[in-house]
Amino acid sequence: MATLKYWIWLSQRMGGQGSSGPVCRVLEHFGTPEAVYFADPAEYKLLPDLPAGLRAALEDKTLERAEDCLEQCARLNLRILTVQDADYPERLRQLYDYPLVLYLKGKWFPFDEMVAIGMVGSRNATGYGIEMAGRLAMDLTRSGALVVSGIAEGIDTAALKGVLQAGGAPVSVLGCGVDVVYPKKNRGLFEDVAAAGVLISEYPPGTPAEGHHFPVRNRIISGLSLGVAAVEAREHSGTLITMRHALEQSRDTFAVPGNADAPMSRGTNLLIQRQEAKLIMSAADILEEYRGRQAVQVYTAPPLVRDEAGERLDAVREFGAARPAERSVRAKREEKPAAPVLPTLDRKTARETLTDDQLTVLEALDGKTLLVDQLVEETQLPARRVASALTILQVNGYVAEGAGKRFTSSVCLK
C-alpha cells in the first residue's frame with residue numbers, strides 16, 4: 001500500500017503538463033516512484049529538459065492528496081493498476097506518454113491477447129452514423145473482438161449499446177474520474193458498462209470532466225487497441241485527434257465512408273482519400289486484418305436473422321440512455337418476445353449440433369433465468385465464450401433474452 005501511495009503521488013505531478021511524457025521520463029531516470037519522491041531537489045535539476053512547472057511539482061512532497069485518493073478508491077471499490085503491474089497492458093507500456101496509473105471500475109481484460117478495436121466518432125452523429133456504429137460494434141463483439149470507446153453521446157454511445165445488445169463486455173475510457181457520470185444523461189449506460197465491462201481513467205476519482213482531458217484521454221483508447229475505426233467525424237474534430245494518435249502509435253486505422261457533401265462524413269472521407277485509413281463497410285472488413293494473428297482468435301459470426309438484427313439496432317438507435325427511474329419502464333417496453341418454445345431437446349442430438357460451450361450454457365440455463373455474470377460463475381467459462389455461445393443459441397432459438405439482459409432457455413433438455 002505504501003508503494004501505491006507513491007505511484008499516485010507521482011501521477012498527480014503531471015498537473016497541467018498536458019502529457020504524461022515528462023513524468024514518464026522522470027520515472028525512467030530514477031527507476032521507482034519512491035526514488036523520485038525521496039530524491040533531493042538538486043537531483044531534479046540534473047534532468048535535461050525538465051519543465052519548470054514539473055520540477056516545482058516534484059518538490060512538493062505532500063502526500064495528503066494521494067492518501068485521500070487511496071481512501072476514495074477503497075470506499076468505491078475501485079482497482080488501481082500501475083505501469084509496474086503484471087496486468088498492465090504492454091500495448092500501453094510501449095507508448096511514449098503511457099499513463100502511470102489507471103483507475104478501473106468493472107472487470108479487467110488481457111488486452112495484449114485480444115483483438116481490441118477502438119471506435120470513435122461525432123457526438124452529434126446522424127442516424128446513419130448511429131446505425132453504422134451500432135452494427136459494427138455488435139458484429140465485432142459477436143465475432144470475438146473487444147470494442148473500446150469513450151462514453152459521449154452519439155457514436156460512443158451507439159458503439160457501447162451495440163456491444164451490450166450482442167451480450168458482450170464494453171470498454172469505456174473516460175476523461176474524468178470513473179465515479180463521475182458524464183454526460184449526465186448517460187447514467188444508465190455508465191452503470192451498464194461498469195456491470196458488463198469496464199470503465200477506465202488515468203484521472204483519480206472525483207476528477208470532473210474538463211475539455212483538455214479528452215484529447216489526452218484519446219491516446220489510451222488507441223493505445224489499448226490494435227486498430228481504431230472512425231464512424232463519423234467533421235474535418236476538425238476530436239475523432240481525428242484519436243486517429244492521429246493511432247497512426248503515431250502504429251495502430252491500424254479504419255473509416256466508414258459517407259456522402260461526399262455530408263459535414264459529419266467530411267473527416268472520415270478525408271482519412272480514406274489520404275490513404276490514412278482503410279475504407280470499411282462492415283465488421284468483416286476489420287476482422288480480416290486480424291484473423292489468425294492473436295491469442296484470442298476472431299471469426300466472422302453468422303449474420304443475425306433480419307427481425308432480430310432490426311430489434312437490436314432499434315435499441316441501439318435510442319442512444320439517449322434512460323435515467324435510473326425510467327429504466328424499469330423502458331425495460332418492460334423493450335422486452336423481446338420469447339423465442340419459439342421447443343418441447344424437448346435431446347442431449348444426444350444437441351451434442352451433434354452444438355459446441356461444448358453452447359451445450360454447457362444451455363444446461364446452466366435449464367429451468368433458470370440468469371444474467372451473463374451469473375452464467376460465467378455457473379459454467380466457469382470465460383465471459384467472452386459465454387457471450388459468444390449465447391449469441392448462437394439465441395440465433396438458433398434455444399435461448400431468449402428478457403428484460404435486464406436476463407437469459408432463459410427456450411427448450412427443455414432431456
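Student: Which ring does the charged end of lysine 61 sit over?

Tutor: In this predicted model, the charged end of lysine 61 sits over the ring of tyrosine 37, 5.3 Å from the ring's centre. There's another case to look up: lysine 5 lies over the face of tyrosine 6, at 5.5 Å from the ring centre.

Student: What kind of aromatic pair do tyrosine 6 and tyrosine 37 form?

Tutor: The structure holds nine aromatic pairs. One of them joins tyrosine 6 and tyrosine 37, and it is tilted: 5.0 Å centre to centre, with 50 degrees between the planes. Tyrosine 6 belongs to helix α1 (residues 2-12) and tyrosine 37 to helix α3, so this pair ties together parts that are 31 residues apart in sequence.

Student: Are tyrosine 6 and tyrosine 37 buried or exposed?

Tutor: Look at the relative accessible area, where under 20% means buried. Tyrosine 6 has 11% relative accessibility, so tyrosine 6 counts as buried. Tyrosine 37 is buried too, with a relative accessible area of 12%.

Student: What does the pair of phenylalanine 109 and phenylalanine 111 look like?

Tutor: That aromatic pair is edge-to-face: the planes make 85 degrees, and the rings are 6.3 Å apart centre to centre. Phenylalanine 109 is buried at a relative accessible area of 8%, and phenylalanine 111 counts as buried at 1% relative accessibility.

Student: Let's move on to cysteines. How many disulfides are there?

Tutor: A search of the whole structure finds zero disulfides. For cysteine 69, the nearest cysteine sulfur is that of cysteine 73, 4.2 Å away.

Student: How do I read a helix, then?

Tutor: An α-helix has 3.6 residues a turn, so residues three or four places apart point the same way. Take helix α8, residues 127-142: at 1.5 Å a residue, its 16 residues should span 22 Å, and its end C-alpha atoms are 22 Å apart, which agrees. The buried residues of α8 include Gly129, Ile130, Ala133, Leu136, Ala137 and Leu140. Just after α8, glycine 144 takes a positive phi of about 100 degrees.

Student: What about strands?

Tutor: Strands of a sheet pair through backbone hydrogen bonds, either parallel or antiparallel. Strand β6 (residues 198-201) lets you see both. Strand β2 (residues 101-106) and β6 pair in the antiparallel sense over four bridges, and tyrosine 103 stands opposite serine 201 in β6. Strand β5 (residues 171-173) pairs with β6 in the parallel sense over three bridges, with valine 171 opposite valine 198. From β5 the chain crosses through helix α10 (residues 187-196) to β6, and this β-α-β crossover is right-handed.

Student: Which way do the residues of β6 point?

Tutor: Val198 and Ile200 point one way from β6, while Leu199 and Ser201 point the other way; all are buried.

Student: What is the order of the strands in the open sheet of three?

Tutor: The order is β11-β13-β12, with antiparallel pairing. Its edge strands are β11 (369-370) and β12 (399-401), and each pairs on one side only. Two bridges join β11 to the antiparallel strand β13, residues 407-409. To check this by eye, find leucine 370: it stands opposite phenylalanine 407 in β13.

Notes
Residues are numbered from 1 along each chain as its sequence is written. This is a predicted model: local features need pLDDT of at least 70, side-chain atom pairs count only at pLDDT 80 or more; totals for chains, interfaces and linings use all residues. Side-chain values use heavy atoms; hydrogens and water are left out. Two strands pair if DSSP finds at least two bridges between them. The expected span of a helix is 1.5 Å times one less than its number of residues. Buried means under 20% relative accessible area, exposed over 50%, partly exposed in between (1.4 Å probe, protein chains only). A crossover is right-handed if, with the strands pointing away from the viewer, the path from the first strand over the helix to the second runs clockwise. Rings of Phe, Tyr and Trp (its six-membered ring) pair if their centres lie within 6.5 Å; planes under 30 degrees apart count as stacked, over 60 as edge-to-face and the rest as tilted. A charge sits over a ring if NZ of Lys or CZ of Arg is within 6 Å of the ring centre and within 35 degrees of the ring normal. A disulfide is a pair of cysteine sulfur atoms within 2.5 Å.
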